[in-house]
Amino acid sequence: MPLTRFCLLALTFALVGGAVFAQQDQKPDFESLWATGSLWQVGDNREKVDEARKAIIDAGAEGRKFALTKLGVTAGLEIRCLNAVFKGWEGDAYDDLVANVGHEDATARRNVAELLIQLDDPRAAEALLAQAAKETELSPRLSQVAALAKWKIEDAVPLIVDISHSETERVRHRATSLLGNYETSAAVSRLIEMLDDSVYYVRDGARDALSAASVGARGLCLEKLKSELQLPSAEQNLQRIRLMLPVVASLGDDAVPGLLRQALKHESGGVRGEAADALVTWKLDAGLPNETLDVDALLKQAIDAEHDPYAKAAIEKARTRLGEADKK
């Protein structure tokens, strides 16, 4: 009898112990965790979404192996989950991502490039540049060159210039911000060309990119403006001149005030109006140390001589802005 009881107890412990070990060996239900991690992270979902994503991250290599099967997701919430888990792995995910730069699925190639942007490891530049050079789909190529532009890889400039000629307006607009990362002649020249774009927000994007660019890049813009103003009137590109004026106004170059004064006397009312605003911008920032140039007197003189309604209103507005700044 005691022997029988002992055998029963041993069998019970074996079954319970086996169940425990089996439970320990059981892998996480990654599909279920992914579904939860891809929910809207609002209200009661906040904590469980975080926990599901953390469980995938904590699974390490096994979690990454699963997440790599999700590289081609297109739904916004799944992309958020994808970004979150790969962010959690940080540098541990580098090799897996680089290995998938040339993934057979175009959406996956785009997502991989975006994840590498998030990882921000310039070592990936070589693989991304090689893929971007042969990329056949616009969406992943745009993400690939975005990563390269972030790291200022100059070999990517010709690819970005090529993209900047896209028939799609939003793509051209995106290209302006990418080109703004460079101060090479090719990048700056293309941005200046894009000041002629038929779409206003692409033109504005090019102007803003030039305005936010390095001093060297804005210096190239200054030289271009000088050349433009030296052309015969009939050959001048008035739109480019007007959009370049606020760019050069941010420079402390000695040539800037003279150039702006020249533009204030231009035969185009539109140019005169932009030049007045640019003069005030220059005076309040780059030209602040220059106390010898009385910009207010110049503007008053220009108003008195002005006959164009637009230019007159623009000059008056510029003078008001200068006066309000002086009161502060």
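In helix 3, the buried residues are N45, V49, A52, R53 and I56. They sit on the same side of helix 3, because they cover an arc of only 90° around the axis. Keep in mind that this is a predicted model.

**Helix 3**
- An α-helix has 3.6 residues a turn, so residues three or four places apart point the same way.
- As for what covers the buried residues of helix 3, the list includes helix 2 (30–37), helix 4 (61–67) and helix 5 (76–89).
- The length checks out too: helix 3 runs over residues 45–58, and its 14 residues should span 20 Å at 1.5 Å a residue, which agrees with end C-alpha atoms that are 20 Å apart.
- After helix 3 comes G60, and its phi is positive, near 60°.

**The largest pocket**
- Rolling a probe the size of a water molecule over the atoms shows where empty space is left.
- The largest pocket comes out at a volume of about 220 Å³.
- Its lining is made up of R261, L264, K265, R272, L298, Q301, A302, A305, E306 and H307.
- Helix 18 gives the largest share of the lining, four residues.

Notes. Residues numbered from 1 in each chain as written. Predicted model: local features only at pLDDT ≥ 70, side-chain atom pairs only at ≥ 80, totals over all residues. Heavy atoms only, no water. 1 Å grid on protein atoms, 1.4 Å probe; cavity = no way out; pocket = protein on both sides within 12 Å on 5 of 7 lines; lining within 4 Å. Points joined across faces, edges and corners; volume = space filled by probe spheres on them. Helix = DSSP H or I, 4+ residues; strand = E, 2+ residues; numbered from the N terminus. Expected span 1.5 Å × (residues − 1). Buried < 20%, exposed > 50% of the residue type's maximum accessible area, 1.4 Å probe, protein only. Arc of directions from axis to C-beta. Contact = heavy atoms within 4.5 Å.
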